[in-house]
Amino acid sequence: MSDRRDADGRYPFKTVIGLEVHAQLRTASKLFCRCSTQFGSAPNTQVCPVCLGLPGALPVMNEHAIELAITTGLALNCDIPSVTKWDRKQYFYPDLPKGYQISQFDMPICAEGYLDIPDPADEGETRRIGLFRAHLEEDAGKSMHDEAAGRDHSRIDLNRCGTPLLEIVSKPEMFSAAEARSYLTELKLLLTHLGVSDCEMQEGSLRVDANVNLHIEKDGKRIATPIVEVKNMNSFRAVERAIQYEAERQYQEWEDTGNTIETVSKRTFGWNDATEETFVQREKEESADYRYFPDPDLVPVHLPKERIEAAREAMGELPAATRERFQTQYELKAYDADVIVNQGPAMVTYFETAATASKDPKRTSSWIQQDVMRTLKERQEEIGAFPVSAETLGQLLGEVRAGRLDNNRARDVFQHLLTHGGSVEQATAALGIEAVDDSELDALCDELLAENPQVVQHVQGGKPQAVGALIGKAKQKNPNINPGQLRETLLAKIAAM
Amino acid sequence: MAFSDDDIRKLAYLARLELTDQEVQTLGPQLERILGFVEQLAELDTEGVEPMTTALDVNNRWIADVVQPGLSREQALANAPLADDECFLVPPVLPS
């Protein structure tokens with residue numbers, strides 16, 4: 001069955017994907033010198049003899065970068081070995097002034113681990129993606145090939161040179177573009193949740209390389225196509241599209257040339273976002289000879305167990321655990337917990353604060369997913385800058401829960417709060433919404449029942465829903481009337497007749 | 001350990017050194033003598049000895065993550081063979 005072709009006459013195949021993610025760590029200063037890591041500063045204003053690679057300058061490790069790497073490794077279920085060291089990776093490129101990059105070769109700070117990701121093919125289920133390792137290294141500078149330099153030169157800005165990167169290397173255990181995207185989304189959520197990286201792809205603080213090939217089943221044998229590393233993808237969508245494109249291209253190449261992993265070595269392709277195509281960057285990968293050796297300028301790092309355990313303690317709750325807790329503590333559905341948690345830590349806090357204030361987590365969840373998230377999207381704002389605070393939203397929904405406001409009136413108040421700010425009390429007062437006191441409600445009910453004897457008969461005849469006809473009439477008499485309270489009072493009065 | 005001329009040329013390429021044929025002939029025997037000297041270490045029995053990662057008797061020399069001023073741009077670019085008023089200039093990285 002394995003060699004049965006599909007409707008297009010193709011053999012069945014599986015796309016095999018491994019991802020290398022470079023995440024810039026959120027330190028104030030660089031990995032081996034104290035220059036600022038601030039993004040977007042004027043060129044070559046955040047440099048010193050160390051990151052310029054001037055002779056005689058000596059690197060000194062940034063302790064915070066080590067801590068962030070440990071925290072990330074723990075969150076990725078990695079073993080954190082007690083010793084890690086630094087190696088020089090030699091290559092020549094103008095944005096790497098030393099002629100080598102300080103990286104980690106055989107003793108990375110984070111050893112094998114894994115990340116559980118939502119299974120895109122099976123809602124509510126997860127897939128476990130293995131990780132080979134995660135290691136620290138310094139970033140390179142930036143080459144610019146723009147008009148200002150003319151055709152004769154490239155311009156080099158070394159501000160970024162030496163910024164700490166954590167390179168997270170997955171095993172080739174993703175089998176579709178959708179899984180690769182799910183992995184990246186979950187990894188980004190985790191890194192931003194931990195606060196270890198900004199993960200802004202547009203600013204280059206998260207970079208993704210995808211290693212892609214196919215396993216084709218033909219005549220009972222598995223044929224592997226040559227591995228292609230795709231670079232230069234600037235969004236998760238681009239990663240997804242590039243993998244889809246590569247899968248098609250590789251199948252076609254195999255049909256046309258018969259190339260396999262045995263006959264063609266690994267190649268590097270770029271991604272053109274405009275044409276949505278991959279293109280060859282390096283045809284034949286020079287069997288990479290980086291001549292790694294231990295960096296004699298740096299001493300090894302010994303990490304006592306206590307330090308690692310302290311980092312584990314300080315890590316707090318991870319997104320996967322928050323999803324679980326939201327289902328048990330607040331009785332949210334898996335889908336709802338997922339939506340809120342995936343918005344990031346600020347939204348998790350917003351929800352919890354509002355749910356506690358309203359004492360109605362489900363209503364809070366639904367308001368956040370509808371009214372709050374829609375508004376954020378319309379205004380292109382982050383929850384941190386949202387004009388209605390979590391306490392205020394919680395108080396408003398508390399009013400709904402207590403029956404003092406109906407949902408429609410609450411929406412009016414919400415809109416008023418969005419535009420004018422202030423408290424729930426101020427908004428209701430400004431909108432002329434007044435609490436209807438019991439005697440008013442009582443009088444209104446007596447009036448309605450006297451005017452509508454047929455409703456009384458229907459209810460007494462066993463149709464309590466008949467009071468619904470009176471709600472519209474009541475609203476005309478007093479727009480502030482609460483439908484829930486009105487219904488209850490009417491039924492109580494009829495029952496007592 | 002014997003070096004072929006190709007080995008020498010590959011090493012030279014990796015270090016971005018341009019060697020004349022004469023230099024290749026001179027360097028080959030020199031590198032062989034250097035490696036032969038280091039190879040004496042192989043006579044030692046290292047069974048059960050942990051690999052050494054440094055000759056220094058210190059660990060964990062690190063510093064707090066606090067930004068300190070570095071060089072001004074003028075200073076940074078001062079010794080560059082070629083620069084404009086913002087950046088280092090190098091031969092074009094990608095052929096136009």
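Where in chain B is the place of Arg16(B)?

1. Location and backbone of Arg16(B). This residue lies in the loop that connects helix 1 (5-14) and helix 2 (21-39) of chain B. The model under review is a predicted one, and in it the phi angle of Arg16(B) is near 50°, a positive value in a residue other than glycine. Most residues other than glycine have a negative phi. Arg16(B) counts as exposed because 9 other C-beta atoms lie within 10 Å, where 12 or fewer is the limit for that class.

2. Asn77(A) belongs to the loop between helix 1 (63-75) and strand 3 (83-84) of chain A.

3. Confidence. The mean pLDDT of chain A is 91, and 97% of the residues score at least 70. Among the elements of this chain, strand 10 (residues 164-170) of chain A has the highest mean, 98. The lowest mean, 82, belongs to helix 14 (residues 468-477) of chain A.

4. Domains of chain A. Chain A is divided into domain 1 (13-302), domain 2 (317-430) and domain 3 (438-496). Between domain 1 of chain A and domain 2 of chain A, the C-alpha centres are 37 Å apart. The contact between these two domains involves seven residues of domain 1 of chain A and seven residues of domain 2 of chain A. On the domain 1 side, helix 2 (residues 177-194) of chain A provides the largest share, four residues. By class, that side of domain 1 of chain A has three nonpolar residues, three polar and one charged.

5. Nonpolar cores. What is the size of the largest nonpolar core? It has 80 residues, and those with the most contacts inside it are Cys51(A), Ala69(A), Ala180(A), Tyr183(A), Ala210(A) and Ile243(A). Apart from neighbours within four places in sequence, Tyr183(A) is in contact with Leu19(A), Leu115(A), Ile117(A), Ile129(A), Ser170(A) and Met174(A). In soluble globular proteins, nonpolar side chains tend to be buried together.

6. A three-stranded sheet in chain A. The strands of this open sheet follow the order 5-4-16 (chain A), with antiparallel pairing. Strand 5 (100-103) and strand 16 (293-294) of chain A are the edge strands, each pairing on one side only. Strand 4 of chain A is joined to strand 5 of chain A by four antiparallel bridges, and Asp87(A) has Ser103(A) in strand 5 of chain A as its bridge partner. Strand 4 (residues 87-90) of chain A also runs antiparallel to strand 16 of chain A, with two bridges between them. There, Arg88(A) has Phe293(A) as its bridge partner.

7. The interface between the chains. Contacts link 32 residues of chain B with 40 residues of chain A. On the chain B side, the elements that give two or more residues are strand 1 (62-63), helix 3 (73-78) and strand 2 (88-90) of chain B. That side comprises 19 nonpolar, seven polar and six charged residues. Strand pairing also crosses between the chains: strand 2 (residues 61-62) of chain A pairs with strand 1 of chain B in the parallel sense, over two bridges. Within this pairing, Met61(A) stands opposite Trp62(B).

8. Glu255(A) is part of helix 3 (residues 236-257) of chain A. Is Glu255(A) buried or exposed? Glu255(A) counts as exposed because it has 12 C-beta neighbours inside 10 Å, and exposure is assigned at 12 or fewer. The C-alpha atoms of Glu255(A) and Leu58(A) are 54 Å apart in space, and the two residues are 197 residues apart in sequence.

Definitions and conventions. Residues numbered from 1 in each chain as written. Chains lettered and ligands numbered in written order. Core = buried A, V, L, I, M, F, W, Y, C linked by C-beta atoms within 7 Å. Buried ≥ 20, exposed ≤ 12 C-beta atoms within 10 Å, placed from the backbone. Nonpolar A, V, L, I, M, F, W, Y, C, P; charged D, E, K, R; others polar. Pairing = 2+ DSSP bridges. pLDDT = per-residue confidence, 0-100. Domains from an automatic or database assignment.
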